[in-house]
Amino acid sequence: MDRYQGTLFREGWKIWNGQHKLTNLDKHYLHEAIHGPRVKDWWIRHGRIQPEAMQQIDWALVGPAMRRMTFPRRKWLTKHVSANCGVGETLVQWGVLIDADCPRCGESESTEHVIRCPSPSAKEQWKKSLTKLEKWMKKLTALPQMWSAILVNLER
Ligand SMILES: [Zn+2]
């Protein structure tokens, strides 16, 4: 039996998700369908994320998790992970600085470097943050194996 593909009464236009016709206006789906592939392609072309890593991200979980954050936090996170923020390497690309040196240790400052800076003051702050994260995860009664694995990976 063929599926009816014409318009319904007073239906001006229709949108399809593969084989399924959308029956309501799902703004999140439409935004992702229109902008998602272009954004992901840009991230890969500019070396912001490896194609293999793109396949490992659970995008269905990322969306709801992002929507739970405050807008400023979401904005900061998006800029940081896409390296579209005021770190040395980006400021050099934008022509604002002539070198990308980290003010703490002198190595080239990327967004990843901000997290992994080997300077004593940065390491001390990282350790304090991990302690705070551990307390928060324990308070949530998350699975001990889960928070232990998270902490072990962050301590590397
Ligand atoms: Zn540094």
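1. A residue is called buried if 20 or more other C-beta atoms lie within 10 Å of its own, exposed if 12 or fewer, and partly exposed in between, with C-beta atoms placed from the backbone. Lysine 139 is exposed on this count, as 8 other C-beta atoms lie within 10 Å.

2. This is a predicted model: local features need pLDDT of at least 70, side-chain atom pairs count only at pLDDT 80 or more, and totals for chains, interfaces and linings use all residues. Residues are numbered from 1 along each chain as its sequence is written.

3. The protein is divided into domain 1 (14-57), domain 2 (69-117) and domain 3 (119-156); the bounds come from an automatic or database domain assignment. Taken over C-alpha atoms, the centres of domain 2 and domain 3 are separated by 22 Å.

4. Helices (H or I, at least four residues) and strands (E, at least two) are DSSP runs, numbered from the N terminus. Lysine 139 belongs to helix α7. The 20 residues of α7, at 1.5 Å a residue, should span 28 Å, and its end C-alpha atoms are 29 Å apart, which agrees. The expected span here is 1.5 Å times one less than the number of residues. Helix α7 is hardly covered, since the count of buried residues among its 20 residues is zero.

5. How do the axes of α7 and α8 cross? Helix α7 (residues 120-139) and helix α8 (residues 144-155) have axes that come within 10 Å and cross at roughly 170 degrees. Axes are lines fitted to C-alpha atoms, for helices over the stretch in contact, and angles run from 0 to 180 degrees between N-to-C directions. The two helices are therefore roughly antiparallel to each other. Angles under 35 degrees count as roughly parallel, over 145 as roughly antiparallel, 65 to 115 as roughly perpendicular and the rest as oblique.

6. On the α7 side the contact is made by Leu130, Glu134, Met137 and Lys138, and on the α8 side by Trp147, Leu151, Leu154 and Glu155. Two residues are in contact if their C-beta atoms, placed from the backbone, lie within 7 Å. By class, this contact has five nonpolar, no polar and three charged residues. Ala, Val, Leu, Ile, Met, Phe, Trp, Tyr, Cys and Pro count as nonpolar, Asp, Glu, Lys and Arg as charged, and the others, Gly among them, as polar.

7. Just after α7, threonine 141 takes a positive phi of about 55 degrees. Most residues other than glycine have a negative phi. Alanine 142 lies in the loop between α7 and α8 and is partly exposed, with 13 C-beta neighbours inside 10 Å. Not counting residues up to four places away in sequence, alanine 142 touches Met137 and Trp147.

8. Alanine 83 also deserves a check: its phi is positive, about 55 degrees, although it is not a glycine. Alanine 83 is placed in the loop between α4 (71-81) and α5 (88-93). Its 17 C-beta neighbours inside 10 Å make alanine 83 partly exposed.

9. Leucine 25 lies in the loop between β2 (20-21) and α1 (27-45) and is exposed, with 8 C-beta neighbours inside 10 Å. Glutamate 52 is found in helix α2 (residues 51-56) and is exposed, with 7 other C-beta atoms within 10 Å.

10. Some C-alpha separations follow. Leucine 25 and isoleucine 15, ten residues apart in sequence, are 9.1 Å apart. Glutamate 52 and asparagine 24, 28 residues apart along the chain, are separated by 33 Å.
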